[in-house]
Amino acid sequence: MSLIASIFLGFVQGVAEFLPISSSGHLSIFQNFMGLADVEHDHMFFDVLLHLGTLVAVIVAYWSDIVEIVKEFFAMIRGFSGKGESLNGPVPPARRMILLIIVGTLPLLVVLPIKDKVEMLYSNTIFIGCALIFNGLVLWLSDRMNRGGKTEKNATLKDALIVGCFQAVAVVPGLSRSGSTITGGLLNGFNREFAVKFSFMLSLPAVLGANILSLVDVITEGGVDTALLPIYFAGVVSAMVFGYLSIRLLKFIAKKGSFGGFAYYCWVVGVATLILSAIS
């Protein structure tokens, strides 16, 4: 892998991971049509690092919220052990967010047994093209939903579970995790800004868990080529920087714009993928 390829793949991961256009779909397209390295198999450790880079981008973008959640988590532990404040009384928003994230993550456990079968779809560009077109339809419909007002203060565990189901379905390559979870939140009456925030918060345990599983595979399948670490690092920095900028952009769009532009983009890329699949 070259330095330019590493930076470019970091750019694709950072932008497509958070903008609702499917990072898995774009990486599959570049790998199948442009002859770039198959990151998932040829450079598995680099794939882990890219996802860690985007994880850092979420932490930086939502630092104050995450600090509050961590503090509340330890307050909960002290409360359960009887060494801290009582768990009775109104539930603080940060504590509600913890519960919402836990419940929203549960549907991913259903996907684990079929993980290998899902990964086989990465090489099927016809499926990728169809999935991108469907992803565009989901985004187009999300713009036409009624504006809700739910936040972490009044969202229910059922709401979180439904959004989690959207996240579980989005493990399919070509579907956007962020686009699916944001749409799931809007469908449940979430405030648009909270739908974006919850989508990114929900990505933390999902990405961390996936990275742990991938890291186990790296260790069991031969370890790390240390000679490529400087090149890998450049890609990670690229993923962090462009991931953070993408989060800022999506937060701005949630507040003042619409997701329609992303829908049209997915339709164009999806149709182009089907055409290239037919003639290649």
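Ser6 touches Met1, Phe46, Ile231, Tyr232, Ala234 and Gly235 when residues up to four places away in sequence are not counted. The model is a predicted one, and the values that follow are computed from it.

**Buried serines**

- Ser6, which is found in helix α1, has a relative accessible area of 0% and is therefore buried, the cut-off being under 20%.
- Ser22 is found in the loop between α1 (3–18) and α2 (23–33), and at 1% relative accessibility Ser22 likewise counts as buried.
- The backbone of Ser22 has a positive phi of about 75°, although Ser22 is not a glycine. Most residues other than glycine have a negative phi.

**Salt bridges**

- A search of the whole structure finds five salt bridges, among them the pairs described in the points below. Side chains of opposite charge can pair when their charged atoms come close.
- Arg192 forms a salt bridge with Asp143, with the closest N and O atoms 3.8 Å apart. This pair links distant parts of the chain, since Arg192 is in helix α12 whereas Asp143 is in the loop between α9 and α10, 49 residues apart. Both Arg192 and Asp143 are buried.
- Lys197 forms a salt bridge with Glu152, and here the closest N and O atoms are 3.0 Å apart. Again the pair links distant parts of the chain, with Lys197 in helix α12 and Glu152 in the loop between α9 and α10, 45 residues apart.
- Lys197 and Glu152 are both buried, and together with Asp65 they are linked in a network of salt bridges.
- The side chains of Asp159 and Lys150 meet in a salt bridge at 2.9 Å, N to O. How do the two partners stand in terms of burial? Asp159 has a relative accessible area of 4% and is therefore buried, whereas Lys150, at 23% relative accessibility, counts as partly exposed.

- Asp159 lies in helix α10 (residues 157–169), and, leaving aside neighbours within four places in sequence, Asp159 is in contact with Lys150, Asn188 and Phe190.
- Ala206 is found in helix α12 (residues 192–220), where its relative accessibility of 16% means that it counts as buried.
- Not counting residues up to four places away in sequence, Ala206 touches Leu108 and Gln167. Ala206 and Leu108 are 98 residues apart in sequence, yet their C-alpha atoms are 7.8 Å apart in space.

**Packing of helices α9 and α14**

- The axes of helix α9 (residues 125–142) and helix α14 (residues 260–279) come within 8 Å and cross at roughly 165°. Because angles over 145 degrees count as roughly antiparallel, that description applies to α9 and α14.
- The crossing of α9 and α14 is left-handed. Residues that make the contact include Thr125, Ile126, Gly129, Cys130 and Trp140 of α9, and Phe262, Ala263, Trp267, Gly270 and Ser277 of α14.
- By class, the contact of α9 with α14 has 15 nonpolar, seven polar and no charged residues.

Terms used:
Residues numbered from 1 in each chain as written. Predicted model: local features only at pLDDT ≥ 70, side-chain atom pairs only at ≥ 80, totals over all residues. Heavy atoms only, no water. Helix = DSSP H or I, 4+ residues; strand = E, 2+ residues; numbered from the N terminus. Buried < 20%, exposed > 50% of the residue type's maximum accessible area, 1.4 Å probe, protein only. Contact = heavy atoms within 4.5 Å. Axes fitted to C-alpha atoms, helices over the stretch in contact; angles between N-to-C directions. Parallel < 35°, antiparallel > 145°, perpendicular 65-115°, else oblique. Left-handed = near helix turned anticlockwise from the far one by under 90°. Nonpolar A, V, L, I, M, F, W, Y, C, P; charged D, E, K, R; others polar. Salt bridge = Lys/Arg side-chain N within 4 Å of Asp/Glu carboxyl O.
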